[in-house]
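Subject: Structure handover and notes

Hello,

Please find the structure below, followed by notes on what was found in it.

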Amino acid sequence: MVRKIIKYGDPLLEQKAEPVTEFNTPELRETLTDMFETMYAAKGVGLAAPQIGLSQQISVIDVSVGENEADKLVIINPEITCREGKQVGEEGCLSIPGFREPVSRANRVTVRAQNEKGEPIELSGEELLARAFQHEIDHLNGILFINHLSGLKRDIIRRKIKKLQKAGEWD
Ligand code: NI
């Protein structure tokens, strides 16, 4: 089921999500199915559970946007264990639609996480995948891409969003 993606302004997006402790449950399977459906419906490359209103440390990523089954990744309770190099590229977020800004990120990261069965996994990625890992793991820590911008740029975006909220064009 495609879920509603909550937008910037909802406090859940700026809170650390709770760790997942139960695996192999119908609830977890349904959450993951819904997260992929919601991400594909929005044409995103990643989605974190807080974006659909769930305070759980779960992210899904697919840099092929549904083109390649092998690119479908699930990371639960993830942690970045290694960061190398630097890349600067345009970044956006499904919870902050309409805004894109260059964000500096590590070019290559290694992630330790659990899969949907609770088994430990280690994944590495570079360029777009590394960016997706960092963006989605940030979400689980209550951090949004605009937190990586200069205070000035962030304030401009916040002001524009406030106007949209007042106009009823942001919910
Ligand atoms: Ni995002």
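Where is Asn24 found? Asn24 lies in the segment before α1. Helices here are DSSP runs of H or I with at least four residues, strands are DSSP runs of E with at least two, and both are numbered from the N terminus.

Two points on the source. Residues are numbered from 1 along each chain as its sequence is written. The model is predicted, so local features need pLDDT of at least 70 and side-chain atom pairs count only at pLDDT 80 or more, while totals for chains, interfaces and linings use all residues; side-chain values use heavy atoms, with hydrogens and water left out.

Backbone

Asn24 has a positive phi of about 55 degrees, although it is not a glycine. Most residues other than glycine have a negative phi. Asn24 counts as partly exposed because its relative accessibility is 48%. The terms are as follows: buried means under 20% relative accessible area, exposed means over 50%, and partly exposed is in between (1.4 Å probe, protein chains only).

Asn77 is another residue other than glycine with a positive phi, near 50 degrees. Asn77 is in strand β3 (residues 73-84). With a relative accessibility of 18%, Asn77 counts as buried.

Nickel site

Which residues coordinate the nickel ion? The donors are Cys93 through SG, His135 through NE2 and His139 through NE2, at 2.1 to 2.3 Å. A donor is an N, O or S atom within 2.8 Å of the metal (3.2 Å for Na, K and Ca); water is not among the atoms, so sites may look incomplete. Along the sequence, the donor residues follow the spacing C-x41-H-x3-H.

His135 and His139 both belong to helix α2 (residues 128-140), and because they are four residues apart there, about one helical turn separates them. Both of these histidines are buried.

Salt bridges

A salt bridge is counted when a side-chain nitrogen of Lys or Arg is within 4 Å of a carboxyl oxygen of Asp or Glu. By this rule there are ten salt bridges.

One of them joins Arg3 and Asp34, with the closest N and O atoms 2.8 Å apart. This pair links distant parts of the chain, 31 residues apart: Arg3 is in the segment before α1 (26-41), and Asp34 is in helix α1 itself. Are the two partners buried or exposed? Arg3 counts as partly exposed, at 22% relative accessibility, and Asp34 counts as buried, at 3%.

Glu91 takes part in a salt bridge with Arg105, where the closest N and O atoms are 2.7 Å apart. Here strand β4 (residues 87-91), which holds Glu91, is linked to strand β5 (residues 101-105), which holds Arg105; the two residues are 14 residues apart. Both Glu91 and Arg105 are buried.

Glu91 also meets Arg131 in a salt bridge, at 2.5 Å from N to O. That pair connects strand β4, with Glu91, to helix α2, with Arg131, across 40 residues. Arg131 is buried, as is Glu91. Glu91, Arg105, Arg131 and Asp138 are linked in a network of salt bridges.

Positive patch

Arg159, Lys160, Lys162, Lys163 and Lys166 form a positive surface patch. Patches are made of residues with over 30% relative accessible area and no salt bridge, with like charges joined within 9 Å and nonpolar side chains (Val, Leu, Ile, Met, Phe, Trp, Tyr) within 5 Å. Lys162 counts as exposed because its relative accessibility is 54%.

Distances along the chain and in space

Pro11 is in the segment before α1 and counts as exposed, at 53% relative accessibility. Pro11 and Gly142 are 131 residues apart in sequence, and their C-alpha atoms are 9.0 Å apart in space.

Glu37, in helix α1, is partly exposed at 36% relative accessibility.

Gly151 is in helix α3 and is partly exposed, with a relative accessible area of 35%. How far apart are the C-alpha atoms of Gly151 and Thr33? They are separated by 37 Å, and the two residues are 118 residues apart along the chain.

Regards

Note on methods:
Areas by Shrake-Rupley, 256 points an atom, 1.4 Å probe, with all protein chains shown as cover. Lys, Arg positive; Asp, Glu negative; His and termini not counted. Charge placed at Lys NZ, Arg CZ, Asp CG, Glu CD.
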